[in-house]
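Thanks for coming. I will take one structure today and go through the sheet, then the ligand, then a few details of the backbone.

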Amino acid sequence: MDIKLKEIQQDYLNKIKTAKNLKDLDEIFLSLFGKNGEVTLLPKQFSQLDKEQLKKLGPLFNQVKQELEKVIGNRRQAIREESYKALENEEFTLPPLRWEAKQRTGHTHPLTAFEQHTAKIFNKLGFVQIDAPLIDTDYNNFEVLNIPENHPARDLWDTLYINSNLKTQNSKLLLRTHTSNSQIRALSQNKPPIRLMNIGRCFRYENVDARHEHTFEQFEIIYVDKGVSMANLQYLSEYFLKSIFGEDIKVRLKPKYYPFVEPGVGVDGLCIFCKGKGCRVCGGIGWLELAGAGMIHPNVLRAGDIDPKEYSGIAWGFGPARMAMIKYGIEDIRLFNSGELAFLEKF
Ligand code: PHE
């Protein structure tokens, strides 16, 4: 049996030496040490040997086994090193990566760009941005704005309430329906003169169509000081619409009801498409309603700890998406949140 062992040793040492790659070596390893490998099966025949023979063969078997394992390991290492050397001498040129071949630069979302632009316009007049939460209390979004529960004016805002059992300061929670929830914060946390703006997401339980989204942006400014009047409101409206649509745009204020302003107005711009003649976009009216505004209601000022006898203020808000649609001729509001590259890349 020791002759058989020597034969295996000799035969495999040669095979290992001439193995060209790792795959050959793996096969050699398996035919020696695999389930039916020659070295694996050999001990099965040991039972035929007597004690003396076993004493001699046992250590020899172990020695051959370890030697073969070691030589395979060394050859494996040598093959690896040879292949690294071969690679070192090779010249590499990588194929162009796909994104490199079709390079694209990203840019700000058109709505964000429009909002940043608007923020700059008002910043020039001294307005500073503040935050207001997107999830707010019924109190901040409605009640403090003169819209008590069950008041018919609530129908103006299709509200998404959060689980009706959840309350903060004993007021139901909702997704804010407008940026006007920033008003009470602006008033109660600051002393006049106040010039603040709030930009951000609002949510309504809307039937989504080309002009209505359930998730949309609003932009609101709050201006409180001594002697602020409707003249300031007219000026701010003109200043803003001229900065967006150019000097030619005409602006008019028409009466409109919002419970938290008195008087309340709709801010109309002369239709930029038909210049007042009446067309499909303006519904034949010649004017487009672009913003809602008014003099802050005395109740709201008082709730913010500001004396309406001493101070007066303006609240003024609009939807950036609607404004951008008119400015850029976008027909469907849903495109803004669609993630469609074909649309986004036009800007
Ligand atoms: N918050 C009103 C809306 O969502 C708009 C508005 C803002 C009206 C400020 C008056 C003053 O419709």
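**The sheet and what packs on it**

This is a predicted model, and I start with its open sheet, which is built from seven strands in the order S1-S5-S6-S10-S9-S8-S7, with mixed pairing. Strand S1, residues 128-129, and strand S7, residues 251-255, are at the edges; each has a single partner strand, so one side of each has no neighbour in the sheet. As a reminder, the strands of a sheet pair through backbone hydrogen bonds, either parallel or antiparallel.

S7 and strand S8, residues 261-270, run antiparallel and are joined by five bridges. Which residue of S8 is the bridge partner of Pro255? That is Val265.

Helix H9, residues 230-245, touches strand S6 (215-225), S7, S8, strand S9 (287-296) and strand S10 (312-318). The direction of H9 makes about 135° with that of S7. Helix H11, residues 320-328, touches S6, S9 and S10, and its direction makes about 150° with that of S9.

Now the ligand. It is surrounded by 13 residues, and the closest are Trp157, His178, Ser180, Arg204 and Gln218. For Trp157, a polar side-chain atom lies 3.4 Å from an oxygen atom of the ligand. The side chain of His178 has an N or O atom 3.0 Å from a nitrogen atom of the ligand. For the side chain of Ser180, an N or O atom is 2.8 Å from a nitrogen atom of the ligand. How much of the ligand's accessible area does the protein cover? On its own the ligand has 320 Å², and the protein covers 92% of that.

Next, the overall picture. The protein has twelve helices and ten strands. Its radius of gyration is 40 Å, whereas a compact globule of 347 residues would have one near 20 Å. Along the principal axes, the C-alpha atoms fill a box of roughly 120 × 50 × 35 Å.

Last, the backbone. Most residues other than glycine have a negative phi, and most peptide bonds are trans. Pro192 and Pro193 are joined by a cis peptide bond, with omega about 0°. Pro193 sits in the loop between helix H8 (183-188) and strand S5 (194-203). Another cis bond runs from Glu262 to Pro263, with omega near -5°, and Pro263 is in strand S8. Gln169 has a positive phi, near 50°, and lies in the loop between strand S3 (167-168) and strand S4 (171-175).

Notes: Residues numbered from 1 in each chain as written. Predicted model: local features only at pLDDT ≥ 70, side-chain atom pairs only at ≥ 80, totals over all residues. Heavy atoms only, no water. Pairing = 2+ DSSP bridges. Helix = DSSP H or I, 4+ residues; strand = E, 2+ residues; numbered from the N terminus. Contact = heavy atoms within 4.5 Å. Axes fitted to C-alpha atoms, helices over the stretch in contact; angles between N-to-C directions. Near = heavy atom within 4 Å. Polar contact = N/O pair within 3.5 Å; in protein donor to acceptor, adjacent residues only side chain to side chain. Areas by Shrake-Rupley, 256 points an atom, 1.4 Å probe, with all protein chains shown as cover. Rg over C-alpha atoms; globule rule 2.2 N^0.38 Å.
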